[in-house]
Amino acid sequence: FDYWKDKIQQEIFDNAPEKLLALKTYFEMLYLELYREKFRTRTADLLTNNRNLAYFQQFQELIRQHAQDLPSIKTFAKKLGITQTHLNRVCHTVAGTSALKVVQEFTITEAKKYLLNTSYSIAEVAYFLNFNDPAYFSRLFKNRVGVAPGEFRKG
């Protein structure tokens with residue numbers, strides 16, 4: 001950019017023949033360079049976003065595969081070949097939330113299915129979703145959904 005800026009300044013202050021043609025050409029070159037820089041930046045952003053989306057989709061698939069025995073976020077990250085911090089960054093970029101909340105949201109969605117479509121007790125649903133403490137499950141459910149599991153089931 002500085003090269004074209006310097007050329008434009010030099011042309012403005014010089015009284016060379018075909019001054020306007022030279023200025024027009026220099027401005028076109030400056031605009032072209034700006035456009036190319038924007039394109040390079042946008043391409044890099046798209047690649048980053050695609051990579052993040054791919055990691056996020058793989059993370060969601062791992063959650064589904066391990067729904068009956070969900071590992072830690074650190075273990076998920078290891079399976080994806082990235083760090084826990086990177087996984088959280090990916091989740092924030094793609095979903096606007098942490099990796100833990102993505103897992104919790106999946107769990108709450110599964111809980112809703114069981115509550116609406118089965119006759120399992122709330123404690124059974126909690127144990128089925130790997131909650132050792134049904135009271136904790138109920139608190140988490142109420143916190144995330146706004147109503148207790150029993151009220152949710154009644155509709």
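# Reading a predicted helical model, feature by feature

Visitor: What does the relative accessible area say about Thr118?

Guide: Thr118 is partly exposed, at 27%. Residues are numbered from 1 along each chain as its sequence is written, and side-chain values use heavy atoms, leaving out hydrogens and water.

Visitor: Where is Thr118 found, and what does Thr118 touch?

Guide: Look in the loop between α5 and α6; helices here are DSSP runs (H or I, at least four residues), numbered from the N terminus. Leaving aside residues up to four places away in sequence, Thr118 touches Lys113 and Arg153, where contact means heavy atoms within 4.5 Å. Thr118 and Arg153 sit 35 residues apart in sequence, and their C-alpha atoms are 9.8 Å apart.

Visitor: On to the aromatics. How many aromatic pairs does a search of the whole structure find?

Guide: The search turns up 11 aromatic pairs. One of them is Tyr3 with Trp4: the ring centres are 4.8 Å apart and the planes make 80°, so the pair is edge-to-face. The rule is that rings of Phe, Tyr and Trp (its six-membered ring) pair if their centres lie within 6.5 Å, with planes under 30 degrees apart counted as stacked, over 60 as edge-to-face and the rest as tilted. Trp4 is buried, at 14% relative accessibility.

Visitor: And what geometry do Phe141 and Phe152 show?

Guide: That pair is edge-to-face too, at 5.5 Å centre to centre and 70° between the planes. Phe141 comes from helix α7 (residues 134-145) and Phe152 from helix α8 (residues 149-154), so the pair ties together parts that are 11 residues apart in sequence. Phe141 is buried at 0% relative accessible area, and Phe152 counts as buried at 19%.

Visitor: Now the packing. Which residues of the largest nonpolar core touch the most other members?

Guide: A nonpolar core is a set of buried Ala, Val, Leu, Ile, Met, Phe, Trp, Tyr and Cys residues joined through side-chain atoms within 4.5 Å. Here the largest has 18 residues, and Phe59, Ile63, Ile73, Phe76, Leu87 and Cys91 touch the most other members. At least two residues each are supplied by α2 (19-65), α3 (73-80), α4 (84-95) and α5 (99-117). With five residues, α2 provides the largest share of this core.

Visitor: What does Leu87 touch?

Guide: Not counting residues up to four places away in sequence, Leu87 touches Phe59, Ile73, Phe76, Ala77, Leu80, Ile82 and Ala99. There is also a second, separate core of 12 residues, including Ile108, Ala111, Tyr114 and Leu129.

Visitor: Last stop, the backbone. What is the phi of Glu18, and where is Glu18 found?

Guide: Glu18 has a positive phi of about 60°, although Glu18 is not a glycine. Glu18 belongs to the loop between α1 (2-13) and α2, and at 59% relative accessibility Glu18 counts as exposed.

Visitor: What about the phi of Asn130?

Guide: Asn130 has a positive phi as well, about 70°, again without being a glycine. You'll find Asn130 in the loop between α6 and α7, and Asn130 is partly exposed with a relative accessible area of 37%.

Conventions: Buried < 20%, exposed > 50% of the residue type's maximum accessible area, 1.4 Å probe, protein only.
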